[in-house]
Amino acid sequence: MRGPPIHVTCDCGAERDLRYGEKWQCEQCGRTWNTEQIPAGEYEGLVSELRRLRVGAMLVAGIAVATVLLLAYFVSPGYLFIGPVILALAAMLLGPLWKKRVRRIVAERPRWELHPE
Ligand SMILES: [Zn+2]
C-alpha cells in the first residue's frame, strides 16, 4: 500500500518517517514501533482521499486540454494559441484552491497512538 509517510515520534523524542507496514527500532532507546498497529482501513481511507484529489485534478486538466483541441479542430485553429493561455490562467486560479484542499486533508489527517512492542 503506497501512501503518505507516517511520522512516528518515539517516547524518547526521536522521530522518523515510516511507510505503512514498516517497523522501526529506535536507535536511542531500543523501543520498536510497528505502523501495522494502525487500522488498515483508516490508513486506506486517507490514501484513497489523496488519490481521489490527484485523479480529479488530472481529469480536469485532461478535459481542459481536450476542449482546447476540439475547439481548435472544429472551430478555429486560433484556439491552439489562445488555449494554452486560458489553461495557464485556469491553473493559476485553480492551483492554489487545489493545494489548499490537499493541505487541509494533510493537516486534518488522523493521529494514531502506537505502542512500543
Ligand atoms: Zn526512542
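Predicted model: local features only at pLDDT ≥ 70, side-chain atom pairs only at ≥ 80, totals over all residues.
Local features need pLDDT of at least 70, side-chain atom pairs count only at pLDDT 80 or more, and totals for chains, interfaces and linings use all residues. Residues are numbered from 1 along each chain as its sequence is written, and side-chain values use heavy atoms, with hydrogens and water left out.

The zinc ion is coordinated by the SG atoms of C10, C12, C26 and C29, at 2.2 to 2.3 Å. Donors are N, O and S atoms within 2.8 Å of the metal (3.2 Å for Na, K and Ca). The donor residues follow the spacing C-x1-C-x13-C-x2-C. C12 sits in the loop between β1 (6-9) and β2 (15-18), and C29 in the loop between β3 (23-25) and β4, so the pair ties together parts 17 residues apart in sequence. Strands are DSSP runs of E, at least two residues; helices are runs of H or I, at least four.

C12 is partly exposed, at 34% relative accessible area. C29 is also partly exposed, at 34%. Buried means under 20%, exposed over 50%, and partly exposed in between (1.4 Å probe, protein chains only).

The largest nonpolar core has 13 residues. Such a core joins buried Ala, Val, Leu, Ile, Met, Phe, Trp, Tyr and Cys residues through side-chain atoms within 4.5 Å. I6, V8, C10, W24, W33, I38 and Y43 touch the most other members. β1 and α1 (40-74) each give two or more residues to this core.

T32 lies in strand β4 (residues 32-34). T32 counts as buried, at 19% relative accessibility.
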